[in-house]
Amino acid sequence: MAEEDNIYEIRSRLDRPLLLIGLMGSGKTRIGRALAGALGLGFIDSDDEIEKAAGMDIADIFDKFGEPYFRDGEKRVIARLLDEGVQVIATGGGAVMMPETAERVWRDTISIWVRAEMPVMLERTGRNDRRPLLRGGDPAEILAGLVEKRYPVYEKANIVIDSHNGPVEAILNQTLTKLHDFLYR
Ligand code: S3P
């Protein structure tokens, strides 16, 4: 099918937000932005919204107030974003580990798990020091622990896409095809 037809058909059936989940460094923001651009939808990153609401970056929120405070803000921000209609939302890796958020995500969105291989996530998260959860030890070990704990939850997503370091267009095409298949299954 021509790409414009694919996009037109997706748009005509889309009645819920598209929400990206996945581990840190999997590429949720990069793919989410490209997906929103292709579909002519708005894009929003829940981590950015939390930072705006708190007036400080995530690492500072963790340092000053701790993770439970961050999770509480994350829960409220995502609940608000889900009420804003059809748009593309990228979430932080821990968002759907909160049962209340997960319940709404599975019910009210089309969820897309962005999955990447460990070396890709390690390389990307190693580019800066912005992930407080990776500061407390060996990032490879921490990420491996999160794979174990979170993948059984991420697996509930409606769509799974494989992310890599190649051109974003390739991942975007994969996403559009899977999204179309899901909507017309
Ligand atoms: C977190 C992931 C981060 C951010 C916070 C906690 C997590 O977002 O929300 O540092 O629990 O996995 P990204 O997945 O966008 O890096």
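This is a predicted model: local features need pLDDT of at least 70, side-chain atom pairs count only at pLDDT 80 or more; totals for chains, interfaces and linings use all residues.
Student: Start with the ligand. How many residues surround it, and which are the closest?

Tutor: The ligand is surrounded by 13 residues. The closest are Lys28, Asp47, Arg71, Arg131 and Arg150.

Student: How far is the side chain of lysine 28 from an oxygen atom of the ligand?

Tutor: An N or O atom in the lysine 28 side chain is 2.5 Å from a ligand oxygen. Arginine 131 has a polar side-chain atom 2.6 Å from an oxygen atom of the ligand. For arginine 150, an N or O atom of the side chain is 2.6 Å from a ligand oxygen.

Student: And what share of the ligand's accessible area does the protein cover?

Tutor: The protein covers 95% of it. On its own, the ligand has 390 Å² of accessible area.

Student: Back to arginine 71. Where is it, and is it buried or exposed?

Tutor: Arginine 71 is in helix α5, which takes in residues 67-82. It counts as buried because its relative accessibility is 9%, and the cut-off for buried is under 20%.

Student: What is arginine 71 in contact with, leaving aside its neighbours within four places in sequence?

Tutor: Gly94, Ala95, Met98, Leu133 and Arg150. Arg150 is also among the closest residues to the ligand.

Student: Why does the end-to-end distance of α2 agree with what a helix should span?

Tutor: Helix α2 has 12 residues, 28-39, and at 1.5 Å a residue these should span 16 Å. The C-alpha atoms at its ends are 16 Å apart, so the two agree. The expected span uses one less than the number of residues.

Student: What follows α2?

Tutor: Glycine 40 does, with a positive phi near 65 degrees.

Student: Switching to strands. Which strands does β1 join, and how do they run?

Tutor: Strand β1, residues 18-21, is joined to β4 by four bridges, and the two run parallel. Three bridges join β1 to β3, residues 88-90, and this pair also runs parallel.

Student: Which residues stand opposite leucine 20?

Tutor: In β4, leucine 20 faces isoleucine 112. In β3, the residue opposite leucine 20 is alanine 90. Leucine 18, for its part, stands opposite isoleucine 110 in β4.

Student: Are the faces of β1 covered or open?

Tutor: Both faces are covered. Leu18 and Leu20 are buried on one side, and Leu19 and Ile21 are buried on the other.

Student: How far apart are tyrosine 151 and glycine 22?

Tutor: They are 129 residues apart in sequence, and their C-alpha atoms are 8.4 Å apart in space.

Student: Last one, arginine 185. Is it buried or exposed?

Tutor: Arginine 185 counts as exposed because its relative accessibility is 72%, against a cut-off of over 50%. Arginine 185 sits in the segment after α9, residues 168-183. A polar atom of its side chain lies 2.4 Å from the backbone oxygen of phenylalanine 182.

Student: And how far is arginine 185 from phenylalanine 65?

Tutor: The two are 120 residues apart in sequence and 45 Å apart in space, C-alpha to C-alpha.

Key:
Residues are numbered from 1 along each chain as its sequence is written. Side-chain values use heavy atoms; hydrogens and water are left out. Two strands pair if DSSP finds at least two bridges between them. A residue is near a molecule or strand if one of its heavy atoms lies within 4 Å of it. A polar contact is a pair of N or O atoms within 3.5 Å; within protein, one must be able to donate a hydrogen and the other to accept it, and residues adjacent in sequence count only if both atoms are side-chain atoms. Accessible areas come from the Shrake-Rupley method with a 1.4 Å probe; for residues, only the protein chains shown count as cover. Buried means under 20% relative accessible area, exposed over 50%, partly exposed in between (1.4 Å probe, protein chains only). Contact means heavy atoms within 4.5 Å.
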